[in-house]
Amino acid sequence: MKGSGCCLFFSLLLLQSFSFFASALSDTEASFIARRQLLTFLETDDLPDDYESTVVVTETFPNSRLRRAFIALQAWKRSIYSDPLNTTANWVGADVCSYTGVFCTSALDDPNVQVVAGIDLNHADIAGYLPVELGLLSDIALFHINTNRFCGLVPPSFERMILLHELDVSNNRFVGPFPEVVLRIPNLKFLDIRFNDFEGKLPPALFTKELDAIFLNNNRFTSHIPESFGDSPASVIVIANNNFTGCIPTSIGKMGNTLNEVLMLNNALGGCIPGELSLLGNATIFDVSSNQLSGSLPMSLHGLKNVEIIDVSSNSLTGVVHGGLCNLPKLAEFTFADNLFDGEDTRCVPQNRQDVWLDDADNCLQGRPKQKPAETCSSEITKAVDCSRVKCGGGSTPPKQPEAPIDDPHRQSHVPMNHPPPPPVINSLPPPPPVASPPPPPPVASPPPPPPVASPPPPPPS
């Protein structure tokens, strides 16, 4: 995750549009499945030490850990309401290591003991919920279920997955507040919960946890970004396409040695762009487009020596786009369209540059094509914010919908779509080396996306 090239590739992909699954489950069906899950929570209340599953076990197993894995997987199979690809059809019998999407390895504490170390059900189009029994998978290091139709909540019993390094539940139908159970998973390094229906505030503790990648985009999170944001050691943070308001925390400057990519586009962030951004010497992508930012661009941004992509478009920024920013040594794309800039250095004029992709359209730049009407500029620029006096005006209205992508292949790679798509499979990203835990199983290619499959009606309530 620390390689900027790899991070750049996946961050650009995560906002692309190739949806196959999400619309196949109706809201009624999703609500029904979530209610069924809540009934099991009321009965079991997490996973107490004396928990007895309703799964009847008649098989014999090489060790108790595989027996517990059998119980967890059979309970999960019972929780599935639709499996159009028959992914779990062979989840039968005691040989859990042969189940599709289940991977085993030797336990770190005993190489003679086989344990379930990974789950990979990406792109299986399964509808159902996550049962509390999954907490019995205490040896698991990887849990990937992106691009399915799982509903309800992430069970509190996931805190028992003490060796878990990668948790990817993206592009499903999960609901409720931020799943704080993930903060109690001690070895978690990669968190991907994007493209769900999580809502409410982010807990400040999220950014003090030792995570290397945090993907929260395309949910319904609200409120300000916690000031603890700058305490995160993550190399990639994506909070795009939510409902965040307030300012970009000035604490972001504390992440200069770690942060490679930060994407905050399409929220309702306001105030000025903090000058502390200049301290992000390792950043390669900075995208705050489609917010409500105001004031001028800080002159100190020339400190972004490794930045490749900057996008501040679709805000209310004013003043001059200075040449030092356009002449950064590794800059490949700088988009400052749809603002209120009334001046730009000659190095920022698109036709003057062949080495950098620039977009200055829809501003107040005299003599440049495709600019805002003069009357709009004269009325709006008089409202310009003095960032030396007002550090944060805050955003308060809902985020603007992203603009339709420009018909340019280079530009399309970075423009969010109006209809959030499922994220790509990220099996090729290796987790950090385990700390007192078994290594994750080798990534397995997910099955190719099937054509949309109509969901069956939910079963009648029992």
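The S-S torsion of C364 and C377 comes to about -95°, so this disulfide (a pair of cysteine sulfur atoms within 2.5 Å) is left-handed. C364 sits in the loop between β23 (357–359) and α5, and C377 in helix α5 itself, so the bond ties together parts 13 residues apart in sequence. Helices (H or I, at least four residues) and strands (E, at least two) are DSSP runs, numbered from the N terminus. The two sulfur atoms lie 2.0 Å apart, and both C364 and C377 are buried, buried being under 20% relative accessible area, exposed over 50% and partly exposed in between (1.4 Å probe, protein chains only).

The model is a predicted one, with local features needing pLDDT of at least 70, side-chain atom pairs counted only at pLDDT 80 or more, and totals for chains, interfaces and linings using all residues. Residues are numbered from 1 along each chain as its sequence is written, and side-chain values use heavy atoms, leaving out hydrogens and water.

In total, the structure holds four disulfides. One of them links C272 and C387, with sulfur atoms 2.1 Å apart. C272 belongs to the loop between β16 (270–271) and β17 (285–287), and C387 to the loop between α5 (374–381) and α6 (409–412), so this pair ties together parts 115 residues apart in sequence. C272 is buried at 7% relative accessibility, as is C387 at 17%. Another disulfide joins C97 to C104; here C97 is partly exposed at 29% and C104 partly exposed at 21%.

As for the whole protein chain, there are six helices and 23 strands, and 58% of the 462 residues are buried.
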